[in-house]
Amino acid sequence: MSALASSSLWLAPNPSKRWGELFFLLYTPFWLTLCLGIVIPFNLYENFTELEYLLIGLVSAVPAFVIPMLLVGKADRSISWKDRYWVKASLWIIIFSYVGNYFWTHYFFTVLGASYTFPSWKMNNVSQKPMNYLTETTYSLLNFSIWWWQVPHTTFLLTHVCFLFYHVSLNMTLRRLRHFIADLPEKIQWAAEAAWILALAYFIAYLETLAISNFPYYQFVDRDSMYKVGSLFYAIYFIVSFPMFLRIDEKPGDKWDLPRVAVDALGAAMLVTIILDLWRIFLGPVVLIPDAKQCPQAGLPWFTGLANLT
């Protein structure tokens, strides 16, 4: 079994990475069935409060940490916990997805016209911070506007398991592609890999948007525009992250430590932030955004509404 796995054109040559990728892949049906096979089809969310939404996120994400800690793979038994691939992959995705939720979700609000309307406890909840210098009327207007920009904690938890699945899928398919085109000229290999990353990034972005279309509390001003153009905007995340994530422990003899993993994830996050903001500045929203969700100044979108009030 081990010899067969090590010779596979899909799986990583590193035993720890191979086990970690297979674990994340096999774990996916659990949270996917819970969210898209039970909660949404049976409309269970209609009775959810903030607590139930948070629990759904925790039940989906926490086992991805607990299971490999308790059921240690054979390849990981002889190495320190910090050298195990699943730990490195989890850290990379935690950082990348946290930045994505805390900062990039605001681009979904101000560029794609998206909004979360389900009850949830939220991160960067500006409206609950004391702003004594505001008049009551200004505070009320600002509080209404900022309501659109708040990011639920649940989305961070679900993003973690989603992104693990997406990135492991790219790892395996790109590895297989590299074996297939290994005898072609280098420039053709590069072009083929770039084309596959772009195609898979767009496909995953489109498929995710389509998969949650039956959930009525994640809304868009124009859903058709979101499917076509918004999916390309979302795909920018993966166009950057896919090839960078693949590099973790991919080359024999090049073992990554956790600081290197963290710095790499932050670098990927910064590059995505730059590209998203260039889109916002030079291309603008893909649809006409309601006044309450517009970004009135040239600064970054998560400072919307505050710059002119200080």
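Helices (H or I, at least four residues) and strands (E, at least two) are DSSP runs, numbered from the N terminus. Arg-175, for example, is found in helix α7. The model is predicted: local features need pLDDT of at least 70, side-chain atom pairs count only at pLDDT 80 or more, and totals for chains, interfaces and linings use all residues. Residue numbers start from 1 along each chain as its sequence is written, and side-chain values use heavy atoms, with hydrogens and water left out.

**Overall architecture**

- The protein contains ten helices and four strands.
- Read from the N terminus, its elements follow the order α-α-α-α-α-β-β-α-β-α-α-β-α-α.
- Of its 310 residues, 49% count as buried, where buried means under 20% relative accessible area, exposed over 50%, and partly exposed in between (1.4 Å probe, protein chains only).
- Among contacts (heavy atoms within 4.5 Å) with a separation of 6 or more, 79% join residues 24 or more positions apart.

**Packing of helix α3 with helix α7**

- Helix α3 (residues 50-61) packs against helix α7 (residues 153-180) at an angle of about 20°, and their axes are 8 Å apart.
- Such axes are lines fitted to C-alpha atoms, for helices over the stretch in contact, and the angles run from 0 to 180 degrees between N-to-C directions.
- Helices α3 and α7 are therefore roughly parallel to each other; angles under 35 degrees count as roughly parallel, over 145 as roughly antiparallel, 65 to 115 as roughly perpendicular and the rest as oblique.
- The crossing of α3 and α7 is left-handed, a term used if the near helix is turned anticlockwise from the far one by less than a right angle, whereas clockwise gives right-handed.
- On the α3 side the contact involves Tyr-53, Leu-54, Ile-56, Gly-57, Leu-58, Ser-60 and Ala-61, which meet His-153, Thr-154, Leu-157, Leu-158 and Val-161 in α7.
- By class, this contact of α3 with α7 has eight nonpolar, four polar and no charged residues.
- In that classification, Ala, Val, Leu, Ile, Met, Phe, Trp, Tyr, Cys and Pro count as nonpolar, Asp, Glu, Lys and Arg as charged, and the others, Gly among them, as polar.

**Packing of helix α3 with helix α4**

- Helix α4 (residues 63-70) packs with α3 at an angle of about 30°, with the two axes 5 Å apart.
- This angle makes α3 roughly parallel to α4.
- Leu-58, Val-59, Ser-60 and Ala-61 of α3 form the contact together with Pro-63, Ala-64 and Phe-65 of α4.
- The contact of α3 with α4 has six nonpolar, one polar and no charged residues.

**Arg-175**

- At 5% relative accessibility, Arg-175 counts as buried.
- Leaving aside residues up to four places away in sequence, Arg-175 touches Leu-9, Trp-10, Leu-11, Ala-12, Lys-17, Glu-21, Leu-170, Leu-246 and Glu-250.
- Arg-175 and Ser-8 are 167 residues apart along the chain, and their C-alpha atoms are separated by 9.8 Å.

**Cysteines**

- The count of disulfides, each a pair of cysteine sulfur atoms within 2.5 Å, comes to zero.
- The closest cysteine sulfur to that of Cys-35 is in Cys-162, 7.5 Å away, which is too far for a bond.
- Cys-35 is buried at 13% relative accessibility, and Cys-162 is buried with a relative accessible area of 15%.

**Positive phi angles**

- Asn-43 has a positive phi of about 55° although it is not a glycine; Asn-43 lies in the loop between α2 (15-39) and α3 and is partly exposed at 39% relative accessibility.
- Asp-249, also a residue other than glycine, has a positive phi near 55°; Asp-249 sits in the loop between α9 (223-246) and α10 (258-282) and is buried, with a relative accessible area of 3%.
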